[in-house]
Structure formats: structure tokens, C-alpha cells
Amino acid sequence: LKCIAVMTSGGDSPGMNAAARAVVRTALYEGVEVWGINNGYKGAIEDDMYKLESRSVGDIIQRGGTFLGTARSPEFKTEEGRKQAMANFKKHGIQGLVIIGGDGSLTGGALLSKLGMPIVGLPGTIDNDVWGTDYTIGADTAANTIVDAINKLRDTASAHRRIILIEVMGRKSGWLAMTTGIAGGAEYVLVPEVKYNIDDMCQELKEAYDRGKRYSIVVVAEGAGSAIEIGKEVGEKTGIDTRVSVLGHIQRGGSPSVEDRIKASMLGEKAALALISGLSNVVFGFDAGKVVSIDLNDAVHNQKTLDPELIRLARVLA
Ligand code: ADP
């Protein structure tokens, strides 16, 4: 292909910039024209796109968010919206598209590919919930942000002999909660993938405090329930001073970690090279430390599960 485009879509994640930058610089290195689409599918429908130069992606590798912007686009869920996007691509001679986004964005990409647009997807989400890849762009940075918060909450929990519940993102996935629970030394991690019993947890917490324990950290995945409600119940049932911290959008921001910058760059290069050489309808990700390609339809039609080794380890170490 002689002209490709790149967009970021859905929830933003740190490292999207590094991935888009790698797509742009690789395309230009290969002598291929490259366009940027603003605000995901919304920009595709509204014809908000422009030709990028090497300098367009200067000074962004260290920034969170996405220089292209991102949006949620209900219009794109209609056939009419997708046809409008296709017409805009055609007008500018765009022959292939790299989509950096989560499950929803990749599902949208699969529908575009059915209309004849060659698509390469890159998993961009802090949730690490895309099937077929161990890694998604931004999850490492988000996990580090959460662990930093856990460290700070631990100090105050210890000073006051409190139980602190920390609600973290992840949508239906418990990956962020489980990894940060292990890394942050949490006593309990509540995730949607594993049934939990509040009464048992409260009983154990009470016994631990009676033995002299100074504090407890409980990480709650947003998909496992509301930490505010669970915290209220825990406080009432244990009689121990309990506090809740809902971390919210702070988890999406910040300068991407080294891992996110490097892996996003590797994925961006692969995405551009694949499209240019005529390979499409795949998602690039990582498996056991190596870049792998996954069929786009497989990636969006399968549900990723939480690694049972992580679940086991969290239990052993708590
Ligand atoms: P993420 O990509 O982070 O999972 P969303 O689920 O919000 O975020 O998806 C981003 C955008 O992708 C949506 O606003 C919509 O335009 C498009 N999209 C999501 N799901 C679908 C779908 N089933 N069909 C068509 N487009 C979709």
C-alpha cells in the first residue's frame, strides 16, 4: 500500500502516542504516505483527518493520552456511519488503517474490514482485556500508578489501624486489580472472575485485627462491585475503622512506563509494516515476550480469562 492512516479510539491509555508515532515514522521510513484521524471513528465520519509528517509525532513519546484525540462514536455503530467513514478514506486515497484501541474499537475495525478496508489493530487499553495477547498498551503504566497509590494508602492505613479498600479500573477484567494487589501486597483482591464471600472476609479481618494486625489493604476491581458499598458492609460487620478510595481517571494518565513505550513502539512498527506489505485483518500483541499476530475476528469474538497462576499466587502471598 502507498497510503495508510492511524487512529486512536475508545478509552485512552498511556503509550498510545508511542504506538502512533512508531506507525507514522515506520511508514515514512518506507516511503509511504500516512494520515492521522482525529477523535477515532467520530473523526473518520466527520472527515477530520490530515497528512502527518515526521515532526507531527515529535515530543509525544513521553506523554500520556493521545495526540490524535479519542472519542466514542455512536454513529459508527450504524451501517450508514461506517459507509460515510469509508467514503472519506477513499477521498483521501487511504488504503489501510491502523486502529489503536480496546475491545470496542477493534470490533468496529472488524466491521470496517467487512466493507473492504484493510485493518490492523493494536490493543490499546489499560484493562489488559484483549484476547490473544498478554499485553495491552497502557496497562503497565496504569498498574504502576495504582501500586504507587497503594503504597501511599498503606502508610495512612497503618497509622490509623484502618482497613482500606481501593477500587481500580478494568471493566469486566480483574487483571489490573490482581496484578496490583500482588505487587502492592494486598490482603484481599476482589475480582469479577472469582467468587468471594464478604462474611468470610470480614470474619478473617476481625480475627487478624484481634491478633494485633495494624491494617489491611483490599483491592477491588470495578467489575467485582462498588468498593463504596463493600466498604460500608465491611465497616459495619467488622467494627473496624474502614475507608474507601476510588482511584478513578488518575489511572489513565501519566507518562508511559518504559515497558509501554518500548512495546507500543514495537507494535506500531509491526502494524505499519504489515499493512504496507499487504497483510491485514490482524491484531498485533505479545505472547511470552514476543510480538505475535492474532486474527482480528478471533481477537474480538473471544473473551480473555484471568491467568489462574496470578489468582493462586495472590492467595498464597496474602
Ligand atoms: P474501547 O475501544 O476502549 O473498548 P468502546 O467500547 O467505547 O471503547 O468503543 C469505542 C468505539 O468503537 C465506540 O464509540 C464505537 O464507535 C466503536 N464500537 C464499539 N463497539 C462497536 C460495535 N459493536 N460495532 C461498531 N462499532 C463499535
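## Helix α4 and what follows

Just after α4, Gly116 adopts a positive phi of about 105°. Helices here are DSSP runs of H or I with at least four residues, strands are runs of E with at least two, and both are numbered from the N terminus. This is a predicted model: local features need pLDDT of at least 70, side-chain atom pairs count only at pLDDT 80 or more, and totals for chains, interfaces and linings use all residues. Residue numbers start from 1 along each chain as its sequence is written.

α4 has twelve residues. From first C-alpha to last, α4 reaches 17 Å, close to the 16 Å expected at 1.5 Å a residue (the expected span is 1.5 Å times one less than the number of residues).

The buried residues of α4 are Asp103, Ser105, Leu106, Gly108, Gly109, Ala110 and Leu112. A residue is buried if 20 or more other C-beta atoms lie within 10 Å of its own, exposed if 12 or fewer, and partly exposed in between, with C-beta atoms placed from the backbone.

Contact requires C-beta atoms, placed from the backbone, within 7 Å.

## Asp103

Asp103 is found in helix α4. Asp103 counts as buried because 22 other C-beta atoms lie within 10 Å. Leaving aside neighbours within four places in sequence, Asp103 is in contact with Asp129, Val130 and Val300.

The UniProt annotation "binding site", from an unreviewed entry, covers Asp103. UniProt positions follow the numbering used here, feature names are shortened, and annotations may be inferred rather than shown by experiment.

## The ligand shell

17 residues surround the ligand. The closest are Gly10, Gly102, Gly104, Ser105 and Gly108. The criterion is a C-beta atom, placed from the backbone, within 6 Å of the molecule. Helix α4 (residues 103-114) gives the largest share of the shell, six residues.

By class, the shell has eleven polar, three nonpolar and three charged residues. Ala, Val, Leu, Ile, Met, Phe, Trp, Tyr, Cys and Pro count as nonpolar, Asp, Glu, Lys and Arg as charged, and the others, Gly among them, as polar.

## The chain overall

The chain holds eleven helices and eleven strands. Of its 318 residues, 53% count as buried. Among contacts with a separation of 6 or more, 78% join residues 24 or more positions apart.

The C-alpha atoms fill a box of roughly 70 × 35 × 35 Å along the principal axes.

Technical notes. Two residues are in contact if their C-beta atoms, placed from the backbone, lie within 7 Å.
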